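Here are a few notes from my pass through the model. Have a look at it first, then see whether you read these spots the way I do.

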Amino acid sequence: MRLACLTFACLAAAAVTVGACDGPTAPERQLQAARLKWERTRPAAYTITVARFCFCTQEGSGPVIVSVRDGVVESRTYVDNGAAVAPTDAGNFPTVDGLFEVIEDAHRQEADAINASYDPARGFPVFISIDYVREMADEELSYRTTNFQPR
């Protein structure tokens with residue numbers, strides 16, 4: 001009887017382990033759920049402030065107000081001085097959809113550490129932290145979003 005219980009326990013543990021390899025990880029499931037929530041609650045127009053934290057210039061880190069209508073960026077302006085973001089730096093300040101793409105790309109690249117948290121009501125990313133290579137310095141990247149306003 002004891003051997004049968006031990007065998008069952010080992011088989012159950014193996015099944016859980018194998019099953020875990022087939023499906024998405026918890027962070028990937030959270031990403032999928034957040035993206036679905038965003039798709040259901042996305043307003044036609046919104047503004048969001050995006051700050052980027054990296055080993056980069058001030059122009060590349062912001063914070064920047066991103067204004068979006070029907071999925072298209074209307075403007076990107078620096079919070080500090082109201083100046084428009086140069087086209088060369090525009091990609092550093094993504095829309096909500098672009099932030100989801102940043103997270104998905106990090107998963108595709110198998111980054112060593114990916115942490116993200118999402119707005120509980122609308123699902124958009126409020127914080128993203130990516131360490132692509134744990135042993136390498138200065139390649140980490142983070143985003144923080146604030147002041148989301150549907151328009």
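Strands here are DSSP runs of at least two residues, numbered from the N terminus. Keep in mind that this is a predicted model.

1. Start with Thr 145, which sits in strand E6, residues 141-150. Its relative accessibility is 8%, and buried means under 20%, so Thr 145 counts as buried.

2. Next, helix H2, residues 26-41. Leu 31, Ala 34, Arg 35 and Trp 38 are buried in H2. Down the helix axis, the buried residues fall within an arc of 100°, so they line one face of H2. An α-helix has 3.6 residues a turn, so residues three or four places apart point the same way. The cover over the buried residues of H2 includes strand E1, helix H3, strand E4 and E6.

3. Most residues other than glycine have a negative phi, and most peptide bonds are trans. Gly 62 and Pro 63, however, are joined by a cis peptide bond with omega about 15°; Pro 63 is in the loop between E1 and strand E2.

4. Two non-glycine residues to check: Asp 70 has a positive phi of about 50°, and Glu 110 one of about 55°. Asp 70 lies between E2 and strand E3, in the loop, and is exposed at 60% relative accessible area. Glu 110 belongs to the loop between H3 and E4 and is exposed at 65%.

Technical notes. Residues are numbered from 1 along each chain as its sequence is written. This is a predicted model: local features need pLDDT of at least 70, side-chain atom pairs count only at pLDDT 80 or more; totals for chains, interfaces and linings use all residues. Side-chain values use heavy atoms; hydrogens and water are left out. Helices (H or I, at least four residues) and strands (E, at least two) are DSSP runs, numbered from the N terminus. Buried means under 20% relative accessible area, exposed over 50%, partly exposed in between (1.4 Å probe, protein chains only). The expected span of a helix is 1.5 Å times one less than its number of residues. The arc is that of the directions from the helix axis to the C-beta atoms. Contact means heavy atoms within 4.5 Å.
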